[in-house]
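Hi everyone, thanks for coming.

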Amino acid sequence: MMKNETILEIVGKIADRISEEKLFLTELDNAIADGDHGINMSRGFEAVKEKLSGADIAVPADLFKLVGMTLVSTVGGAAGPLYGTAFMNMAKALKDRTELSLEDFLKALEGAVEGVKMRGKSTTGEKTMLDAMVPSLEAMKAAFAEGKDTKAVLEAGVNAAREGVEYTKTIAATKGRASYIGERSIGHQDPGATSYTMMLEEVKKAVV
Amino acid sequence: MVAFVVVSHSAKLADGVIDLAKMSAPEVPMFPAGGLEDGSYGTSFEKISRAIEQASGSDGVIVLTDLGSAVMTTEMVLESLDLSNVRMAEGPIVEAAVTGTVLSASGAALDEIMEELEHL
């Protein structure tokens with residue numbers, strides 16, 4: 001499914017997408033929290049792009065680890081430790097695999113979900129990125145188990161993530177900064193769930 | 001003496017908490033880790049790492065944090081540094097800084113201070 005070059009390309013695309021959506025993500029965050037998600041994420045991914053350009057990367061795990069560590073160091077908000085842990089856990093799950101199969105990718109994402117749950121002491125239904133991450137992973141695993149091809153699996157994932165974002169509009173935040181406004185967060189979509197969905201969309205676009 | 005690190009999204013806030021605590025416990029080592037390297041708001045893995053490293057070597061370190069990512073980033077720093085006598089205290093940052101440093105100045109040990117801070 002993916003070699004180092006493809007993953008590098010996708011990370012670049014994700015960085016560009018996050019930069020393009022910086023204002024949108026910030027507006028979403030402004031409505032319910034401190035309005036730094038877009039700025040922070042774009043600062044983080046700009047740094048990722050810079051780090052990756054000269055890095056010596058042997059296997060995909062090295063790449064994910066570098067992305068994770070860079071995000072932790074440069075994002076500055078909650079998304080730093082959360083996405084940072086997610087990428088670092090993906091690296092751990094992949095060990096020394098030289099190429100990613102669809103199955104490897106799903107296993108890595110499982111590690112990412114576990115990492116975000118652990119780091120944020122959070123679960124689904126709390127209006128966080130997990131509301132996109134968990135249902136999209138479940139949908140992809142189900143599609144994979146049915147023997148669907150990469151394109152169909154990623155499509156199922158993106159659709160479930162988008163539905164997850166819609167779902168976050170219907171619930172009150174009980175984790176993160178948005179939980180301070182509780183019920184008043186209903187009607188707004190979660191910025192973290194949104195940025196995760198954007199990333200998965202970029203994976204789908206690049207692979208399919 | 002137990003040392004303190006104050007982690008905040010704001011450099012001014014971290015410095016201010018330390019200024020306030022210094023009024024009653026000037027002899028206690030306190031290190032700020034506020035804001036990002038460029039001075040903007042946020043929490044910095046590197047700043048927190050440096051502050052904790054500076055603080056360690058004494059009779060233990062207590063890290064006080066403000067919001068969300070301050071807690072999570074500090075947790076990641078502690079996992080990466082693997083120091084045994086560093087603890088994170090929950091609770092209100094100003095009260096914890098003043099109470100904790102006064103106790104430290106009076107000779108209380110790491111565990112004793114941590115227990116007091118839990119009751120704040």
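**Contacts and charges, chain by chain**

Let's start with Thr43(B), which sits in the loop between strand 2 and helix 2 of chain B. Please keep in mind that this is a predicted model. Is Thr43(B) buried or exposed? Thr43(B) counts as buried, because its relative accessibility is 1% and the cut-off for buried is under 20%. What does its side chain touch? The side chain of Thr43(B) makes a polar contact with the side chain of Thr73(B), at 3.4 Å.

Now over to the charges. As a reminder, side chains of opposite charge can pair when their charged atoms come close. How many salt bridges does the structure hold over all chains? The count is 18, and I've picked a few to show you.

Staying in chain B, Glu37(B) and Arg50(B) form a salt bridge through their side chains, with an N to O distance of 3.3 Å. This pair links distant parts of the chain, 13 residues apart: Glu37(B) is in the loop between strand 2 (30-34) and helix 2 (45-55) of chain B, while Arg50(B) is in helix 2 itself. Arg50(B) counts as partly exposed, at 43% relative accessibility.

Next, one that involves both chains. The side chains of Lys121(A) and Glu75(B) meet in a salt bridge of 2.6 Å, N to O. Here the pair crosses between chains, from the loop between helix 6 (102-120) and helix 7 (130-145) of chain A, where Lys121(A) lies, to helix 3 (residues 68-81) of chain B, which holds Glu75(B). On the chain A side, Lys121(A) is exposed, with a relative accessible area of 52%, whereas Glu75(B) counts as buried at 16%.

Chain A has its own examples. Glu9(A) and Lys13(A) are joined by a side-chain salt bridge at 3.9 Å, N to O. They are four residues apart in helix 1 (residues 4-20) of chain A, so about one helical turn separates them. Glu9(A) is partly exposed, with a relative accessible area of 46%, and Lys13(A) is partly exposed too, at 38%.

Also in chain A, a network of salt bridges links Arg17(A), Glu21(A), Arg162(A), Glu201(A), Glu202(A) and Lys205(A).

Last stop, the surface of chain B. Which residues form the negative patch there? They are Glu90(B), Glu112(B), Glu115(B), Glu116(B) and Glu118(B). One of them, Glu115(B), is in helix 5 (residues 110-118) of chain B.

Technical notes: Residues numbered from 1 in each chain as written. Chains lettered and ligands numbered in written order. Predicted model: local features only at pLDDT ≥ 70, side-chain atom pairs only at ≥ 80, totals over all residues. Heavy atoms only, no water. Patch = residues over 30% accessible without salt bridge, like charges linked within 9 Å, V, L, I, M, F, W, Y side chains within 5 Å. Areas by Shrake-Rupley, 256 points an atom, 1.4 Å probe, with all protein chains shown as cover. Salt bridge = Lys/Arg side-chain N within 4 Å of Asp/Glu carboxyl O. Lys, Arg positive; Asp, Glu negative; His and termini not counted. Charge placed at Lys NZ, Arg CZ, Asp CG, Glu CD. Helix = DSSP H or I, 4+ residues; strand = E, 2+ residues; numbered from the N terminus. Buried < 20%, exposed > 50% of the residue type's maximum accessible area, 1.4 Å probe, protein only. Polar contact = N/O pair within 3.5 Å; in protein donor to acceptor, adjacent residues only side chain to side chain.
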